[in-house]
Amino acid sequence: MAGAGAITHDAADRILVVKPSYRNGTWKIPGGGLGGGEDPLHTARHEVKDELGI
């Protein structure tokens, strides 16, 4: 199993984290598991789009 995530920060170096709706009390960077044959950059991009709409 492999995964990819996107570490994003603003001008003040604050890191973007998300609170998943499927977990209680935890925060994480946007990301997820790689699909079959998928490269990490593609996974990170589509997970950010899915999770944040951007």
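Q: So where does D39 sit in the chain?
A: D39 is in the loop between β2 and α1. Keep in mind that this is a predicted model.

Q: Is D39 buried, exposed or partly exposed?
A: D39 is partly exposed, at 41% relative accessible area.

Q: What does the side chain of D39 reach?
A: The backbone nitrogen of L41, at 3.1 Å. That contact is at the start of α1, and the D39 atom involved is a side-chain oxygen.

Q: OK, zoom out. What's the overall layout?
A: The chain has 1 helix and 2 strands, and from the N terminus the order is β-β-α. The C-alpha atoms fill a box of roughly 35 × 30 × 20 Å along the principal axes.

Q: How much of the chain is buried?
A: Of its 54 residues, 22% count as buried.

Q: And what share of the contacts comes from residues 24 or more positions apart?
A: Those account for 37% of the contacts in the chain that have a separation of 6 or more.

Q: Back to the helix. What span should α1 have, and what does the model give?
A: With 13 residues at 1.5 Å a residue, α1 should span 18 Å, and its end C-alpha atoms are 18 Å apart, so the two agree.

Q: Which residues of α1 are buried?
A: T43, A44, E47 and V48. Looking down the axis of α1, the buried residues fall within an arc of 130°, so they line one face of the helix.

Q: Why would residues spaced like that point the same way?
A: An α-helix has 3.6 residues a turn, so residues three or four places apart point the same way.

Q: What do the buried residues of α1 pack against?
A: They pack against β1 and β2. On the other side of α1, R45, K49 and D50 are exposed.

Q: What happens just after α1?
A: G53 takes a positive phi there, about 75°.

Q: Which non-glycine has a positive phi?
A: D13 has one, of about 65°. D13 is in the loop between β1 and β2, and D13 is exposed, with 58% relative accessible area.

Q: What is E47 in contact with, then?
A: Setting aside neighbours within four places in sequence, E47 is in contact with G31, G32 and L52.

Q: So which residue does K28 form a salt bridge with?
A: E51, with the side chains meeting at 3.3 Å, N to O. The pair links distant parts of the chain, since E51 is in helix α1 and K28 is in the loop between β1 and β2, 23 residues apart.

Q: Are those two buried or exposed?
A: K28 is buried, at 16% relative accessible area, whereas E51 is partly exposed, at 31%.

Q: How many salt bridges does the count come to?
A: The count comes to 2. Besides K28 with E51, R14 forms one with D10, where the closest N and O atoms are 2.5 Å apart.

Q: And how accessible are R14 and D10?
A: R14 counts as exposed, at 58% relative accessibility, and D10 is partly exposed, at 27%.

Q: Last topic: where is L16, and what does L16 touch?
A: L16 is in the loop between β1 (3-5) and β2 (31-33). Not counting residues up to four places away in sequence, L16 touches T8, I29, P30 and L52.

Q: Is L16 buried or partly exposed?
A: L16 is partly exposed, with a relative accessible area of 32%.

Q: And how far apart are L16 and W27?
A: In space, 9.8 Å from C-alpha to C-alpha; in sequence, 11 residues.

Terms used:
Residues are numbered from 1 along each chain as its sequence is written. This is a predicted model: local features need pLDDT of at least 70, side-chain atom pairs count only at pLDDT 80 or more; totals for chains, interfaces and linings use all residues. Side-chain values use heavy atoms; hydrogens and water are left out. Contact means heavy atoms within 4.5 Å. Helices (H or I, at least four residues) and strands (E, at least two) are DSSP runs, numbered from the N terminus. Buried means under 20% relative accessible area, exposed over 50%, partly exposed in between (1.4 Å probe, protein chains only). The expected span of a helix is 1.5 Å times one less than its number of residues. The arc is that of the directions from the helix axis to the C-beta atoms. A polar contact is a pair of N or O atoms within 3.5 Å; within protein, one must be able to donate a hydrogen and the other to accept it, and residues adjacent in sequence count only if both atoms are side-chain atoms. A salt bridge is a side-chain nitrogen of Lys or Arg within 4 Å of a carboxyl oxygen of Asp or Glu.
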